[in-house]
Amino acid sequence: MPLYHRIFLELRDQILRGARADGSPLPTEHELAAAHGVSRITARRALSELAEAGLVVRRRRHGTHVSLARPTAPIEANLEQALETLIAFGRDTQVRVLLIATVAATDDVAAALEIGPGCPVVEAVRMRDREEQPLGRVTSHAVPALAPLFTRDNLLNRPLLALLQAHGHRIGSGTEVVGARAADEAIAVELGIEWRAPLLTIERIVRDPDGRPLLRTLAEYRADRYRIGLTLNPAHHGL
């Protein structure tokens, strides 16, 4: 695969899954060339391909910016049912805690938690296994007030939504967006799959009763080992 196309695919996936928000700047040609060990001509072609695909806008002296507004229609769900589903999921899978740390919020995390980029947030990275085989990687970011909940023992034994409720944090609402992307090299190695294999992504944002974001979780599951099932009520879904 040509190097420029490999860079194009990586940036395209980041844009489509929302890791690079609409209007956010992309790295310059010089920065891309340095990061990927390629020439500026190669980096320039990757950015040109993104522009031709309608994903970015390139302007002289202003750089390259994402140009993709993706409104998501909300689907209402019962929070108690969601919690029961997560608890059942936890019984059938095993978790490995890879990281617990306080980090600076990236642009996509800051947007999700409605804070400024670079503000401190608590980060936890876990791997979910089933039958001793990797199922998916789960990355959570939370406001600093929730830091005491992020212990290895807590994360190994209870879903985060259950932890929030058990420690007196009231949950007012939540949103969940299901998407897909191709695996980059890092997660492909972690999950034991081929580079560019399909991943199912689930982004969940949990808010308090006043509407303030508390927690953002991004789960990335192997598409060959994970699926989502919904039970629809005919009275509420027009079936």
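Student: How do the residues lining the second largest pocket divide into nonpolar, polar and charged?
Tutor: Heads-up: this is a predicted model, so local features need pLDDT of at least 70 and side-chain atom pairs count only at pLDDT 80 or more, while totals for chains, interfaces and linings use all residues. Residues are numbered from 1 along each chain as its sequence is written, and side-chain values use heavy atoms, leaving out hydrogens and water. Ala, Val, Leu, Ile, Met, Phe, Trp, Tyr, Cys and Pro count as nonpolar, Asp, Glu, Lys and Arg as charged, and the others, Gly among them, as polar. For the lining of the second largest pocket, that gives ten nonpolar, four polar and ten charged.

Student: Which residues lie nearest the centre of that second largest pocket?
Tutor: A pocket is an open set of points on a 1 Å grid over the protein atoms alone, with protein on both sides within 12 Å along at least five of seven lines, and lining residues have an atom within 4 Å of a point. Strands β3 (94-104), β4 (120-130), β5 (133-142) and β8 (213-222), plus α5 (107-113), each supply at least two lining residues. Of the 24 residues in the lining, those nearest the centre are Thr-106, Asp-108, Val-109, His-141 and Arg-216.

Student: What volume does the largest cavity have?
Tutor: A cavity is a set of grid points where a 1.4 Å probe fits but cannot get out. Its lining is Arg-17, Gly-18, Ala-19, Asp-108, Arg-216 and Leu-218, or two nonpolar, one polar and three charged residues by class. Taking volume as the space filled by probe spheres set on the points, the largest cavity comes to about 40 Å³.

Student: Are α1 and α3 parallel or oblique to each other?
Tutor: The axes of α1 (residues 3-16) and α3 (residues 40-52) come within 8 Å and cross at roughly 45 degrees. Angles under 35 degrees count as roughly parallel, over 145 as roughly antiparallel, 65 to 115 as roughly perpendicular and the rest as oblique. So α1 is, relative to α3, oblique.

Student: Which residues of α3 make the contact with α1?
Tutor: Contact means heavy atoms within 4.5 Å. On the α1 side you'll find Leu-3, Tyr-4, His-5, Ile-7, Phe-8, Leu-11, Arg-12 and Ile-15. Their partners in α3 are Thr-42, Arg-45, Ala-46, Leu-47, Glu-49 and Leu-50.

Student: At what angle do α2 and α3 pack?
Tutor: Glu-29, His-30, Leu-32 and Ala-33 in α2 (residues 29-36) meet Arg-40, Ala-43, Arg-44 and Leu-47 in α3. The two helices are roughly perpendicular to each other. Their axes are 8 Å apart, and the angle is about 115 degrees.

Conventions:
Axes are lines fitted to C-alpha atoms, for helices over the stretch in contact, and angles run from 0 to 180 degrees between N-to-C directions. Helices (H or I, at least four residues) and strands (E, at least two) are DSSP runs, numbered from the N terminus.
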